[in-house]
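Work through the two exercises below with the model in view. Each task is followed by a stepwise solution.

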Amino acid sequence: MKFLHALSLVAALLTATISATRAQTDSIPRYWTWSHYSERTDWDDYFARLTEVGIRGLILQCGAEQLREVLPTARRHGVSVYAWMWVLNNGGIAYLHPEWLDYNRDGESLRDKKAYVDYYKFLSPVIPGVRREIARRVEELARVEGLAGISLDYCRYVDQILPTSLWDQYGIVQDKEYAEWDYGYHCH
């Protein structure tokens with residue numbers, strides 16, 4: 001009898017877990033897009049157009065205040081919004097703390113040397129201040145009521161080897177690992 005009671009309890013828990021999982025999966029938008037915030041955007045029109053073509057999820061690059069402005073309109077249109085956060089490639093933080101920028105194997109800082117493009121301003125995660133600032137920004141976004149989640153981007157170092165299709169564009173050949181493109185050598 002105890003076995004049958006335990007078995008029915010397990011079956012009930014399994015059924016509840018499957019139902020909860022299915023409900024969570026059903027609430028996740030199937031089609032997504034990403035965008036940058038602009039104060040000139042007519043968000044009501046924007047979300048109307050998204051939903052018209054079946055998009056129900058948006059990953060938006062902006063700060064907490066802008067999210068608070070956009071979220072009520074997104075909610076009215078049934079669109080889930082995630083914050084899009086650049087983690088280690090973060091020019092905003094780099095502008096305030098250029099000493100936090102990463103170094104390559106040759107000992108050159110991104111403060112003094114460009115890696116491929118101007119916006120590659122990768123921070124060194126070994127620096128406690130970098131980790132604290134990233135955590136602070138995640139916490140700030142997480143406190144935004146109605147935000148569905150946070151999409152973390154650029155959680156890595158500078159690309160050590162680019163796809164061959166980009167070599168001509170940057171006038172480089174990367175047929176092996178070169179010190180000038182090998183980042184993550186910040187000595188703290």
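A pocket is an open set of points on a 1 Å grid over the protein atoms alone, where a 1.4 Å probe fits, with protein on both sides within 12 Å along at least five of seven lines; lining residues have an atom within 4 Å of a point. This is a predicted model, where local features need pLDDT of at least 70, side-chain atom pairs count only at pLDDT 80 or more, and totals for linings use all residues. Residues are numbered from 1 along each chain, and side-chain values use heavy atoms, without hydrogens and water.

**Exercise 1.** Find which residues line the largest pocket.

Step 1. The lining includes Gln61, Cys62, Trp84, Trp86, Arg136 and Glu140.
Step 2. Strand 3 (80-86) and helix 5 (128-142) each give two or more residues. Helix 5 supplies the largest share, four residues.
Step 3. The volume of the largest pocket is about 240 Å³.

**Exercise 2.** Describe how helix 2 and helix 3 pack.

Step 1. Helix 2 (residues 43-52) meets helix 3 (residues 64-76) at about 40°, with axes 9 Å apart.
Step 2. Trp43, Asp44 and Phe47 in helix 2 meet residues of helix 3, among them Glu69 and Arg76 (contact: heavy atoms within 4.5 Å).

Methods: Axes are lines fitted to C-alpha atoms, for helices over the stretch in contact, and angles run from 0 to 180 degrees between N-to-C directions. Grid points are joined across faces, edges and corners, and a volume is the space filled by probe spheres set on the points.
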